[in-house]
Amino acid sequence: MSTDTVQPSRAEQALRPGQRLVVSEPLELDSGASLRPYTIAYQTYGTLNADRSNAILICHALTGDQYVAEPHPVTGKPGWWSTLAGPGKTLDTDRYYLICANVLGGCMGSSGPLEINPAIGRPWGLSFPVITVADMVRAQKKLIDHLGITSLFCVLGGSMGGMQVLQWASSYPDRVFSAVPIATAARHSAQNIAFHEVGRQAIMADPEWSQGNYLELSRNPSRGLAVARMAAHITYLSEQALHRKFGRALRNREAVTYGFDADFEVESYLRHQGISFVDRFDANSYLYITRACDYFDLAAEHGGVLANAFRGTPTRFCVISFTSDWLYPTSENRLIVQALNAIAANVSFVEIETDKGHDAFLLDEPEFFATLRGFLDGCAAHRGLSRA
Amino acid sequence: MSPDASSLSGMAGVPPLRGDLALVAEMIEPGARVLDVGCGEGELLAYLTGVKAVDGRGIELSQSGVNACVRHGLSAIQGDADRDLADYPTGAFDYAVLSQTLQATRNPRQVIEHLVRIGRHAIVSFPNFGHWRIRMHLMLSGRMPRSHLLDHSWYDTPNIHLCTLKDFTALTDELGIAIERSVTLDRAGQPFSLDPRGHFANLLAEQGLFMLSRRG
């Protein structure tokens, strides 16, 4: 394999700091297209041990990125899993070597529509090939090869990250000692696809989107992207959590104004979610990554039988769902468990009681952390990993 | 505690087992694949993993039980014997254990058939409803019997399919299931040796513990 670790330019480094791997071999994509060269932007935390047995690959969700446990370079907010990952935490960087790569098609430094197509010297835009979850995982595997890791101690992630976990376990079972798919599904449901389509249509309906050429025209479909984010954000919360947080409370006013200003707190909150999102995300990237989720159907690749995706697997699984998650409900997670039981795989399944909806996997949920820690400790004992 | 237990650093320590579980554990060969149906908080699995180095899995109805298992590094899923045993392939385990749960299943006959299908051996224990105290209780008080093993009122008991030792052995005969070993237990959970098909066992045993397998 011919690869280079490159230093990004100073401007690039300030905007999206971290490590880059450039692979000059082509990546054969599910669509039939091939991509070369391609870049994987990634971050690592902790130290790889001498026998390279303590690596955990974290797979990020739709709008996540590789900045798991450090301030985000654009927003300055704490890393998206900094409650979970760090010294002494559940994903203990004193014990484990954490790796997280920006997904293919993403917009934080990995090859995607925002990046310059080296063949033409201009941004890819919609000429970037459509990618799948399996393509994301193929690219990640190149990175893991490059890092000299033959067997990952654990691959874990929530939501779209969980899909990558399932794909890893299915495609490279001998490289995955343990796998933790969280709040996810082995296929995108019609409802999931429908919500994504709303988001895409919002982006494409924004005149600034300019058929996807906004980068070259120095335009920005921020309104469309913000609406997409607002709609999606509702699906990440539970009705109960929304009610608890906002109810029908009014925003800095005593009475409704009989207009279309943000009268309600919940409107104001959603608008804020939308507006702050566009600062850190690329609209075309949102189209590509939502599409990748929609195409995900692991059973379909295996004769319609999900169990066949894992037949003979040596991997230890822990499937985790949340009671109030209606986007990737427990029933979808349970289908994964049933498939694994059908081949007598080593699987644990935990449903965490919470009213925080799909977002719960990103929040401080003590029961979730405790069970994840217990699972990892058990796996570490079987792997013979020493304590930190 | 066996010295093996400390080799698993995930185990803080392996506490001793309650009487009937200790007998179950005795029946299980080291290193075996074990499915514990109704595993609770994983007492038996923790013991077997720590002391006998088995490859163990649990199924438990209560989510808090499952979470406790996983927190302790054991493999467990939330599930129920009536619904979820059908998912498992034939012969996937050396032992399928169902301890003190058979009487709470909706379809015990099917559960037993699944246990001997999934496990090369099935280990089943249950309270004997033919015990003389239970018979006396019903005869003298005229009320539904309660005992220390069956401590619920008739209207809220999870124990919906109670049986006697004779009922159980009649069912295994009907299903063509071999009884490889049997132990009868007294009130204190101490084993004593009586033919489980006999009249005395059915009167004197508070619990029966059976190791079963498919014939042939």
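Let me start with helix α8 of chain A, which is mostly covered: ten of its 13 residues are buried. Buried here means 20 or more other C-beta atoms within 10 Å of the residue's own, with C-beta atoms placed from the backbone; 12 or fewer is exposed, and anything in between is partly exposed. Helices are DSSP runs of H or I with at least four residues, strands are E runs of at least two, and both are numbered from the N terminus.

A word on the source. This is a predicted model, in which local features need pLDDT of at least 70 and side-chain atom pairs count only at pLDDT 80 or more, while totals for chains, interfaces and linings use all residues. Residues are numbered from 1 along each chain as its sequence is written, and chains are lettered from A and ligands numbered from 1 in the order in which they are written.

Back to α8(A), residues 283–295. From first C-alpha to last it reaches 19 Å, close to the 18 Å expected, where the expected span is 1.5 Å times one less than the number of residues. Among its buried residues are A:Tyr286, A:Leu287, A:Tyr288 and A:Ile289. What do the buried residues of α8(A) pack against? They pack against α2 (133–146), α4 (190–204) and α5 (222–236) of chain A. Contact means C-beta atoms, placed from the backbone, within 7 Å.

Helix α2 of chain A holds A:Asp135. That residue counts as buried because 24 other C-beta atoms lie within 10 Å. Leaving out residues up to four places away in sequence, A:Asp135 touches A:Leu27, A:Leu29, A:Asp30 and A:Leu104.

Next, domains. Chain A is divided into domain 1 (3–187 + 298–383) and domain 2 (192–290); the bounds come from an automatic or database domain assignment. Their C-alpha centres lie 26 Å apart. The contact between them takes 26 residues from domain 1 of chain A and 20 from domain 2 of chain A.

The largest nonpolar core has 167 residues, and A:Ile56, A:Leu98 and A:Cys154 touch the most other members. Such a core is a set of buried Ala, Val, Leu, Ile, Met, Phe, Trp, Tyr and Cys residues joined through C-beta atoms within 7 Å.

Last, the chain interface. Chain A gives 22 residues to the contact and chain B gives 20. On the side of chain A that touches chain B, the elements giving two or more residues are α9 (330–342), β15 (346–352) and α10 (366–383) of chain A. The largest share, eight residues, comes from α10(A).

Note on methods
Two residues are in contact if their C-beta atoms, placed from the backbone, lie within 7 Å.
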